[in-house]
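Subject: Structure for your review

Dear colleague,

Please find below the structure that I am handing over to you. My findings follow it.

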Amino acid sequence: MLKLKGTWLPPLESEFSKPYFEKLDIFVRVEYGLHTCYPPFDQLFNAFDACAFENTKVVIIGQDPYHGEGQANGLSFSVNDNLAHPPSLKNIFKELESDIGLPYRSNGDLTAWANQGVLLLNATLSVRAKFAGSHQKQGWEEFTNAVIKMLSNQKSDLIFILWGSVAKTKRNLIDTKKHTILKSGHPSPMSANRGHWFGNKHFSKTNAALKLKGKSPIDWG
């Protein structure tokens with residue numbers, strides 16, 4: 001059965017025996033057996049593998065993995081190195097440049113962020129190739145909601161970054177008395193070009209909040 005490993009497993013182990021997850025496990029295995037799906041099966045939980053539970057201090061919530069060939073690597077908004085950047089990722093890097101002066105990144109792999117304690121969590125952790133949203137409403141959302149609620153309950157002083165309408169629906173899962181929430185429009189061109197993304201300064205605001213809480217800032221480079 002699909003299951004997390006390491007320090008993420010104890011606080012979430014009960015989820016894996018629930019009926020919804022048993023159905024999800026079957027669905028995912030059948031989909032990967034019959035169709036090309038992303039990310040690769042062994043990277044389904046890459047967001048957790050790359051960001052240890054005990055080190056988590058920032059959570060960026062996405063929606064679906066990219067559904068183009070070879071793009072998704074299990075981290076929200078991230079693509080494998082040496083691949084063209086999807087429009088949302090381009091706008092993320094443009095905002096980084098205007099917010100904190102970082103030159104536009106050539107590497108679209110955000111693993112370095114995850115290694116510093118940024119959980120790059122998609123609401124849905126898999127997708128069929130070329131079919132956006134094809135694995136939604138199969139159980140992934142229930143699981144990732146449980147992850148968000150667990151983090152809110154068991155940790156303190158986290159920074160949750162909510163970009164777009166799907167991410168904003170997660171606000172009611174988060175204890176706002178314990179944690180900081182930053183929200184804006186989605187970095188996709190449709191939202192960004194309407195003035196709902198650029199200028200949110202979430203990267204500098206995140207680091208300012210981390211410093212205020214006595215935590216080391218994220219190197220976004």
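Predicted model: local features only at pLDDT ≥ 70, side-chain atom pairs only at ≥ 80, totals over all residues.

Helix H4 itself has 14 residues, which at 1.5 Å a residue should span 20 Å. The C-alpha atoms at its ends are 20 Å apart, in agreement with that expectation. Several residues of H4 are buried, namely Ser-88, Leu-89, Asn-91, Ile-92, Phe-93, Glu-95, Leu-96 and Asp-99. As background, an α-helix has 3.6 residues a turn, so residues three or four places apart point the same way. The cover over the buried residues of H4 includes helix H5 (111-115), strand S5, helix H8 (189-192) and helix H9 (202-212).

Strand S2 is also mostly covered, with 5 of its 5 residues buried. Val-58, Ile-60 and Gly-62 point one way from S2, while Val-59 and Ile-61 point the other way. Two strands pair with S2. Strand S3 (residues 118-122) runs parallel to S2 and is joined to it by 5 bridges; within S3, Val-118 is the bridge partner of Val-58. Strand S5 pairs with S2 in the parallel sense over 4 bridges, and Leu-162 of S5 is the bridge partner of Ile-61.

Turning to the aromatic residues, a search of the whole structure finds 20 aromatic pairs. One of them joins Phe-77 and Trp-163: the ring centres are 5.4 Å apart and the planes stand at 65 degrees, over the 60 degrees required, so the pair is edge-to-face. Phe-77 lies in the loop between strand S2 (58-62) and helix H4 (87-100), whereas Trp-163 belongs to strand S5 (residues 159-163), so the pair ties together parts that are 86 residues apart in sequence. Phe-77 and Trp-163 are both buried.

Ring pairs also link a cluster made up of Trp-8, Phe-16, Tyr-20, Phe-21, Phe-45, Phe-48, Phe-53, Trp-140 and Phe-143. Phe-53, a member of that cluster, has Lys-155 over its face, at 4.8 Å from the ring centre. Elsewhere, Arg-128 lies over the face of Phe-131, at 5.9 Å from the ring centre.

Yours sincerely

Terms used
Residues numbered from 1 in each chain as written. Heavy atoms only, no water. Phe/Tyr/Trp six-rings, centres within 6.5 Å; stacked < 30°, edge-to-face > 60°. Buried < 20%, exposed > 50% of the residue type's maximum accessible area, 1.4 Å probe, protein only. Lys NZ or Arg CZ within 6 Å of the ring centre and 35° of its normal. Expected span 1.5 Å × (residues − 1). Contact = heavy atoms within 4.5 Å. Pairing = 2+ DSSP bridges.
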